[in-house]
Amino acid sequence: YHHDAYELKNGNLIILTTNLESDSVADYVVELDRKTGKIVKDWDLRKIVLKVDSDLLEEGEISWGWINSVYYDETNDALILSLRNQNSVISIDYKSSNINWILGEEKYWSSKFKDYFIKGVGDDFTYPMGQHSVSLTSDGKLSIFDNGYNAYKEETVSCKSLKNNASYAIVYNLNLKDKTATIDWKFGGQEYFSYALSSFT
């Protein structure tokens, strides 16, 4: 268990974890039966993305996605996952495990994922960067804490180099029919910068 979990209405728990038989860490999600503690369903994100593009991952890349947040989208029967290392939020169909959509810049993926992307609209639009804490508001909008740094194939940097970075609480309005998104609300700035973790309510 790491980072996050979500309690379903039936009491079962959706938990972020690692498949010890996998070549990567922090890219595995399981649903545990509340009464028995047994796994009743699982989602291996590594396998899910490799079905779309078998060449997506580099050899030895053990933390390509790094799921750090999970939320169950009851309306669409889907899991919404924050992939920190991909600077992306992704929706996975609960039953089929297929990808529904991706909110993130296309440069962090390959051209084979082009049909899944949600396009940002508006002069003030920004895509997620190193984000955490995905959820849906009561009216179905996507809420994240945008940490505001590039976590894609991240290399060690000095704290001083991040002094001008800024973090924001952001609420996105997703139009899934035409695959577009706008920013409905945004709050933060340099004084709220958080290199890792963080949330808001």
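Which residue forms a salt bridge with Arg34? I looked this up in the model, which is predicted. The partner is Glu7, with the closest N and O atoms 2.8 Å apart. I checked where the two sit. Arg34 is in the loop between β3 (28–32) and β4 (39–44), and Glu7 is in strand β1 (residues 5–7). They are 27 residues apart, so I note this pair as a link between distant parts of the chain. Arg34 counts as partly exposed because its relative accessibility is 48%. Glu7 is also at 48% and counts as partly exposed.

Next entry: Lys9. I find its side chain in a salt bridge with Glu74, at 3.1 Å from N to O. Lys9 lies in the loop between β1 and β2 (13–17), Glu74 in the loop between β5 (67–73) and β6 (78–83). The separation is 65 residues. Lys9 is exposed at 75% relative accessible area. Glu74 is partly exposed at 49%.

Then Asp77. I see its side chain meet that of Lys95 in a salt bridge, 2.7 Å from N to O. Asp77 is in the loop between β5 and β6, Lys95 in the loop between β7 (88–93) and β8 (99–104). Is Asp77 buried or exposed? Asp77 is buried, since its relative accessible area is 16%, under the 20% cut-off. Lys95 is exposed at 63%.

I searched the whole structure and got eleven salt bridges. Glu58, Glu61 and Lys153 are linked in a network of them.

Last, the surface. I note a nonpolar patch of Trp185, Phe187 and Tyr192, with about 330 Å² of accessible area together. Tyr192 lies in the segment after β13 (180–189). Tyr192 is partly exposed, at 41% relative accessibility.

Key:
Residues are numbered from 1 along each chain as its sequence is written. This is a predicted model: local features need pLDDT of at least 70, side-chain atom pairs count only at pLDDT 80 or more; totals for chains, interfaces and linings use all residues. Side-chain values use heavy atoms; hydrogens and water are left out. Patches are made of residues with over 30% relative accessible area and no salt bridge: like charges are joined within 9 Å, nonpolar side chains (Val, Leu, Ile, Met, Phe, Trp, Tyr) within 5 Å. Accessible areas come from the Shrake-Rupley method with a 1.4 Å probe; for residues, only the protein chains shown count as cover. A salt bridge is a side-chain nitrogen of Lys or Arg within 4 Å of a carboxyl oxygen of Asp or Glu. Helices (H or I, at least four residues) and strands (E, at least two) are DSSP runs, numbered from the N terminus. Buried means under 20% relative accessible area, exposed over 50%, partly exposed in between (1.4 Å probe, protein chains only).
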